Each structure stands twice: as structure tokens, then as C-alpha cells.
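Please look over the structure below before reading on. The report covers a sheet and some of the salt bridges.

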Amino acid sequence: MLVPVDRAKQPWWRSAVFYQVYPRSFADFDGDGVGDLGGVREKLGYLELLGIDALWVCPVMTSPMADGGYDVADPRDIDPLFGGLAAMDELIAEAHLRHIKITMDLVPNHTSNEHPWFLAALEAGPDSPERARYLFRDGRGPGGDAPPNNWPSIFGGPAWTRITEPDGTPGQWYLHIFAPEQPDLNWENPEVAADFEKTLRFWLDRGVDGFRLDVAHGMAKPAGLPDMAVAKSSMLSNDDDDPRFNNPAVHEIHRRIRKVLDDYPDAVSIGEVWVNDNTRFGEYLRPDELHLAFNFRLAKTDFDADHVRAAIDNSLAAVAPVAAAPTWTLSNHDIAREVTRYGGGAVGEARARAMLLVELALPGTVFIYNGAELGLPNVDDLPDEVLQDPAWERSGHTERGRDGCRVPIPWEGTTPPFGFTTGTPWLPMPADWAGRTVEAQLEELGSTLSLYRMAIELRGLRPEFSGDRIEWYGSPPGCLAFRREGGLVCVLNASNIPTQLPPGDVLLASAALDGGQLPPNTAAWLV
């Protein structure tokens, strides 16, 4: 008889499987075409069947939705679009009944330009306490007509917008690393830290089990806001020389946040940290800062055995000095889905299935993006007129943005919207997704959804998935193999020819095996 892996001696989050819900695209309960919290609650049975431990719910707070909810107008309320505060309370209660944790996305770096604080700042004028909560500065050049520095916005264009003062004259500029609708907060202002602590306690007291902190390396700004040596916008990347991010003072902010979470012993903080240097990355995971931090190396790695091995080694090395748990993810709401990144079509899906087994075989915490379990590809042919990512407009229609990985989930039926909504989905769904619905895949033993279910179940059940370290084996060119301390062996064939499996009994494979041979684009677990 198998003895389940004993996780009682470690925090629940150190080996949890998180499922990232992008609420707009998950399930629509009220039929308006946009997913909501009622839809998430309605699908909790499915999530329980999938076997996940926790949900990461992308932003659902009150917002004008200039950037998909990451522009927050009230951090202590739920937007009516998603069902209001009652819907969140109901989701937390029912998820807990099913032994599923709930973590929320919080946005500490900026607010919406419709937040009461920012509206007050516009009215109050220069040098006011209201403006001191944000980063208002006088412009450079004659009449202050030039931005205060050369920083670009992540979404394109300058990171500064000039306002009109209450008396009607051209006025100061405010900093927004992201869209103009997302003014950056001034974390040197004590009111900012106190208000964020109030937000943390508000949700923790309502039963939330923790938070994913958006742009967790971005809240602190360098003294004097100096120019960038090379001004470039681009989406977030591991650029350690970018003065907009990863400034030393950010660590004191995280220590303050951790003190709050320590009053709630089972709560977890998960940081979005785009930092390349392993030493500096590990600093965010010291015992008095974040519990977990996203390491995106695996998600940014192509399907190549040597590159995958290097990404794994690097991720493990980044957390080892601070004894933190590594995190693994293959996709999220900001990057192209793995099926597409790995080549698309049948080959891309086979490789994505193989990488799932690699990911779940590793020690640490795993994050699955909604729809990955269905083998969904990116939808890169969305009509221009439906695109909603701010990057599309800010780039002058040269960057299509992230909408392609945010198309709603197909649940059932043979035609769009596949049970996602009774209305018109906020992004159109491909007609050829009929075979990818949850309904179709639940009935098929060889489906990607069935593979996810089996893999997650085995990971939580088998004692071979124990220990914090891995040992690499020698393997043929284009392949990799490693062993967990508990005895699990994971092998990946990323070459274009079959390879011989090592000794052992096959526990699970991402594709059918052929007489002891591991086919190309396939992974297997052995014990």
C-alpha cells in the first residue's frame, strides 16, 4: 500500500500545485461574456477533480479595466464585473470546503488613475500631501515641456504623463512605469505602506490564504530618478541594470509586508520578480521577505534538453543559499502558451505534455495557467479590432500584446463559445477547439487533461516525490534524466530519434512507449 508524501513537516505552499485563474477568461456565470467569480465557484468541482492545491486568482478588485484589472481603483473591494465582494466571500468559503486554498493578486506598485488618492492629487496641486503619495515631478526644459527623465513605459511611449493643473495651466508630470492609467505609488510615503498593510489584513481576515504580488521588484525607485543609460520599453524581462526595477530599498518594503503575513502563519506571499542575477534574486526570499518568487527561466526556455537542464540548475541554485522552495511554471497570462512556443500543432502539444512531466517531477512549487491542462495554443490570429491589451494602442498597433494567451476556456459542446458564456465572449474563441473542451477531454484517457490529472495525483501520492534535491544522470544527446531523493526518475527525450529508457518501472509517460523506447518529444517517470 502506498503511503502519501508526508508534507506535514513543511508549509503547504512549498510543494503545492497552484492553478492560475485569469477570471475574465475562465467561466462566465452571469452571461455578460466576461468570466467572473461565480464562474470560478461553479467550476470548483472541476478544479478539485484536477487535483490542484490552491488557486491564484488574477486581479478582481474594483478597476476601470485599462489593463485587465491591474489598474486598481479600490484594493479592498471586488469589481461588480466579477460579482462583488459577496462573490469573493462565497468562493473562499466553498474552496476551503473542498480543501483548495485561495491566493489573490495584489498590485503594490501603482493604482488606477481613478483611485480616490490620484483624483485628490490632481485637485490638490504641486507640493501637496496628496501628490506626495505618487511620483509627481516638474518637467525639464523650457516651460517644463519635457518629461522629468527618459524612462519609457513598459507598454511603449514615455513613462511620464503631463497633467493640467487645477488653474488650467500645463503642470507637473507623473510617473507610470506601465500605462498612463496606472500611476506609480511613492513607497517612501508612510501613508502608502500603511494603506497596503490595511489591504493585506482586509483580505487575510476574510480568509484569503495569501497573495501574488505584482511587479514585486518594482516598488522602490532610485534617488533622483536618473536617466536610463539606454532607454528601452519592452515587456518585463531580466534586466538587472534597469533603474526602474530591483532597487535595494524594495527589500525593506518586503520586510514590512512579511511582518503582516507572519501574523497569519499559513499565509503565503509570492513575488513576481524579474531579476537575472541569482544572488540578487535570492535576496527576495530571505526568511523575513517573500515566501516564494516566480522564476521564469523554464517558461523562457525553448524545447532543448541542454537549455532545459541549465534552466533547472539555475533555478535550484538561485534559492539554495536561502533554503527557499523553487517555483516552476511553463506559461501565464503574460507570455505565449507553451504549445505555441514549442512549435505549435501536434509537435508543440507533445512537447508541452513532456515538459509538464519534467515540471511536476521537480522539487518545489508548480504553477499551472488555466487552459494549459487542455493543451490550448495561443490564438495569434485574433482580429485587430478585438485586441484589448494596452500594448496594442501604446505601440501604435505594432505589438499585438498578450490577448492571444487570454482567450476564454472551452468547457463543452461543439461550437463557440463552448459553454464559457451564454453571451458573446470578450475575446472570440476558435471554432476548431471542439476537441479541446473539458467535456471532450475528460472522456479520453489519452487526453492532455487526463495526463494532468494523473500526473498531479501521482505527485501528491507517491513517496518517490520527496526531497529538495535532484541528481542528474548521463543521457544521450538531446535527452536529460534526473533522480529525486525519494527515488523518482524523470527522463526527457527532446531529440528527433527514439532513445532507450533507463532501468525501472514506468509510472507515467507523456506519450505511448514503444518496446522500452522513449519516442521523440516525450517524457516519462520511472520508479
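## Terms and model

A residue counts as buried under 20% relative accessible area, as exposed over 50%, and as partly exposed in between. The model discussed here is predicted.

## Arg 140 and Asp 227

By that definition Arg 140, with a relative accessible area of 38%, is partly exposed. Arg 140 forms a salt bridge with Asp 227, and the closest N and O atoms are 3.4 Å apart. Because Arg 140 lies in the loop between β6 (136-137) and β7 (160-164), while Asp 227 lies in the loop between β9 and α7 (250-261), the pair ties together parts that are 87 residues apart in sequence. Asp 227 is also partly exposed, at a relative accessible area of 39%.

## Other salt bridges

Side chains of opposite charge can pair when their charged atoms come close. In this model the count comes to 30 salt bridges. One of them joins Asp 89 to Arg 206, with 2.7 Å between the closest N and O atoms. This pair links distant parts of the chain, 117 residues apart: Asp 89 is in helix α4 (residues 84-97), and Arg 206 is in the loop between α6 (190-205) and β9. Asp 89 is partly exposed, with a relative accessible area of 27%, and Arg 206 is partly exposed at 31%.

Glu 485 and Arg 469 meet through their side chains in a salt bridge of 3.1 Å, N to O. Glu 485 sits in the loop between β15 (479-484) and β16 (489-493), and Arg 469 in the loop between α14 (448-461) and β14 (470-473), so the pair ties together parts 16 residues apart in sequence. Glu 485 counts as partly exposed at 39% relative accessibility, whereas Arg 469 counts as exposed at 56%. A network of salt bridges links Arg 41, Glu 48, Glu 90, Glu 94 and Arg 98.

## The sheet

Strands of a sheet pair through backbone hydrogen bonds, either parallel or antiparallel. Here an open sheet of 8 strands has parallel pairing, in the order β11-β10-β9-β5-β2-β1-β13-β12. Strands β11 (292-294) and β12 (327-329) stand at the edges with a single partner strand each, so one side of each has no neighbour in the sheet. On average, neighbouring strands of this sheet are turned by 25 degrees against each other, direction ignored.

Which strand do 4 bridges join to β5 (residues 101-106)? The partner is strand β9 (residues 210-213), and the two run parallel. Leu 106 stands opposite Leu 213 in β9. Helix α11 (residues 345-361) packs on the sheet and touches β1 (17-21), β12 and β13 (365-369). The direction of helix α11 makes about 150 degrees with that of β13.

Definitions and conventions: Residues are numbered from 1 along each chain as its sequence is written. This is a predicted model: local features need pLDDT of at least 70, side-chain atom pairs count only at pLDDT 80 or more; totals for chains, interfaces and linings use all residues. Side-chain values use heavy atoms; hydrogens and water are left out. Two strands pair if DSSP finds at least two bridges between them. Axes are lines fitted to C-alpha atoms, for helices over the stretch in contact, and angles run from 0 to 180 degrees between N-to-C directions. Contact means heavy atoms within 4.5 Å. A salt bridge is a side-chain nitrogen of Lys or Arg within 4 Å of a carboxyl oxygen of Asp or Glu. Buried means under 20% relative accessible area, exposed over 50%, partly exposed in between (1.4 Å probe, protein chains only).
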